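Here is a short report on how the chains of one complex are built and how they meet. Keep the sequence and the 3D view open while reading.

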Amino acid sequence: MKHALSLFVGLFVLWLLLSGHWSDPLLLGLGVVSAALTVFVAWRMEGLDHEGVPVAVALRALAYWPWLLWQIVLSNLAVARCVIDPDRIAPRMAWVPASQRTDLGKVMFANSITLTPGTISVQVDGGRILVHALEPGSIHDLHGGEMDRRTDWVEGSLERLSDAVHGSGKA
Amino acid sequence: MSLVLDVVSWACIVIGGLFCLLSGIGLVRFPDVFTRMHAASLGDTLGAGLIIVGLLLQAGLGADLVGIKLVMILVFLLFTSPVATHALAQAALLDGQRPWTRDGRPTEGKLDLRDAADDDFLLDDRAPGRSAFPDQEAER
Amino acid sequence: MFTVASLFILATMALALARAVRGPSVYDRIVAVNAFGTMTVLLLVLLGFLTDRPEFEDIALLYCLINFAGTIAVLKFVKYSNLAGPRASRQGQEGTR
């Protein structure tokens with residue numbers, strides 16, 4: 001229910017921002033109908049859970065983004081240097097350990113890896129991720145585990161929440 | 001004040017354009033699919049980001065909601081580009097594209113994923129009796 | 001200034017198109033087309049400012065989403081020669097590669 005409600009509110013705010021009409025009752029009504037329809041379709045597709053609508057991690061994810069953006073800037077500069085001088089590149093593929101326990105946490109970690117240029121997560125297999133890197137140094141950095149720790153921290157809010165839900169017998 | 005803002009936004013837009021150009025050059029110069037993906041993600045992240053930030057400084061969160069739409073475009077780009085890149089990289093690897101390396105050695109990561117032909121589970125990990133993450137299931 | 005950035009982006013689009021024409025494998029072409037789509041989004045945004053017509057921002061937003069869906073759809077079609085997924089494509093798989 002919480003997920004359905006937050007999805008509905010989010011969609012309706014999106015409608016308002018995109019249309020720019022705040023007072024026309026017809027357009028507002030159509031917005032309510034289409035948001036409700038989308039929530040219904042999501043419910044039918046069984047997407048209304050913590051994975052489809054990850055409201056629980058939103059706060060910590062916002063706190064994680066500035067650091068991620070800074071990493072993106074740094075690795076962009078590194079890749080730009082490689083483009084100017086292609087002799088620098090030494091592509092390499094390696095497995096990197098991922099300590100996240102939930103699927104959502106793994107998705108966040110893998111997406112963070114892919115979002116920073118110079119590293120692409122190719123495959124997830126249990127507790128490790130196959131990473132293709134443009135320079136061996138970036139694999140070394142990933143093994144250092146800074147990004148892993150930070151995504152763990154974002155995921156932490158999700159786990160506390162699901163523990164609470166499971167504890168109350170709702171499963 | 002507005003002059004400073006103008007200069008900063010112009011710098012952002014031009015540098016973003018330069019990053020896009022670099023990504024294009026990399027797309028042509030790099031030796032194989034995977035390295036070209038790195039080059040393409042250059043334009044997807046900092047190229048697009050800087051251009052949109054520069055335009056945001058020009059527009060402000062204006063009355064006709066241009067700024068908010070710009071932010072949305074940036075957020076959608078940042079969410080979709082890694083997903084598309086990952087799907088591409090995985091499909092290319094499973095299809096038998098071997099990553100190029102400087103010394104011709106295959107690479108240090110193990111490439112023969114269990115069975116490359118049996119890759120259905122990647123799209124369809126809820127099939128009964130077959131899990132994409134067997135180790136994880138065992139943990140639970 | 002918008003003109004300069006637009007020219008950079010047009011040059012990038014030309015380079016991506018060159019890769020899409022030359023690219024030895026299908027995946028090279030898909031990477032190039034994906035990059036081309038991103039550049040189209042940026043060009044549309046810049047065009048909105050260049051001609052002072054904020055409607056272009058909506059088009060860019062839409063194109064951004066279509067680009068993603070299109071990339072995934074083409075990828076799936078190349079991989080399974082079927083948009084529905086792996087189940088129905090057992091026979092078709094030899095045909096694609």
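## Chain C and the ground rules

Helices (H or I, at least four residues) and strands (E, at least two) are DSSP runs, numbered from the N terminus. On that basis, chain C has 4 helices and 0 strands. From the N terminus, its elements run α-α-α-α.

This is a predicted model: local features need pLDDT of at least 70, side-chain atom pairs count only at pLDDT 80 or more, and totals for chains, interfaces and linings use all residues. Residues are numbered from 1 along each chain as its sequence is written, while chains are lettered from A and ligands numbered from 1 in the order in which they are written.

A residue is buried if 20 or more other C-beta atoms lie within 10 Å of its own, exposed if 12 or fewer, and partly exposed in between, with C-beta atoms placed from the backbone. Chain C has 97 residues, and 38% of them are buried. Two residues are in contact if their C-beta atoms, placed from the backbone, lie within 7 Å. Take the contacts in chain C between residues at least 6 apart in sequence: 33% join residues at least 24 apart.

## Helix H1 of chain C

Helix H1 of chain C covers residues 2-22. The expected span of a helix is 1.5 Å times one less than its number of residues. For these 21 residues that gives 30 Å, and the end C-alpha atoms are 30 Å apart, which agrees.

Which residues of H1(C) are buried? They are Phe2(C), Ala5(C), Phe8(C), Ile9(C), Thr12(C), Met13(C), Leu15(C), Ala16(C) and Arg19(C). Seen down the helix axis, the buried residues of H1(C) fall within an arc of 165°, so they line one face. The arc is that of the directions from the helix axis to the C-beta atoms. An α-helix has 3.6 residues a turn, so residues three or four places apart point the same way.

The face turned away from the buried side carries the exposed residues Thr3(C), Leu7(C), Val21(C) and Arg22(C). The cover over the buried residues of H1(C) includes H1 and H2 of chain B, together with helix H2 (26-50) of chain C.

## Chain B against chain C

Here 43 residues of chain B are in contact with 40 residues of chain C. On the chain B side, helix H1 (2-29), helix H2 (33-59) and helix H3 (66-94) each supply at least two residues.

## Chain A against chain B

This contact takes 31 residues from chain A and 36 residues from chain B. H3(A) gives the most to the chain A side, with 6 residues.
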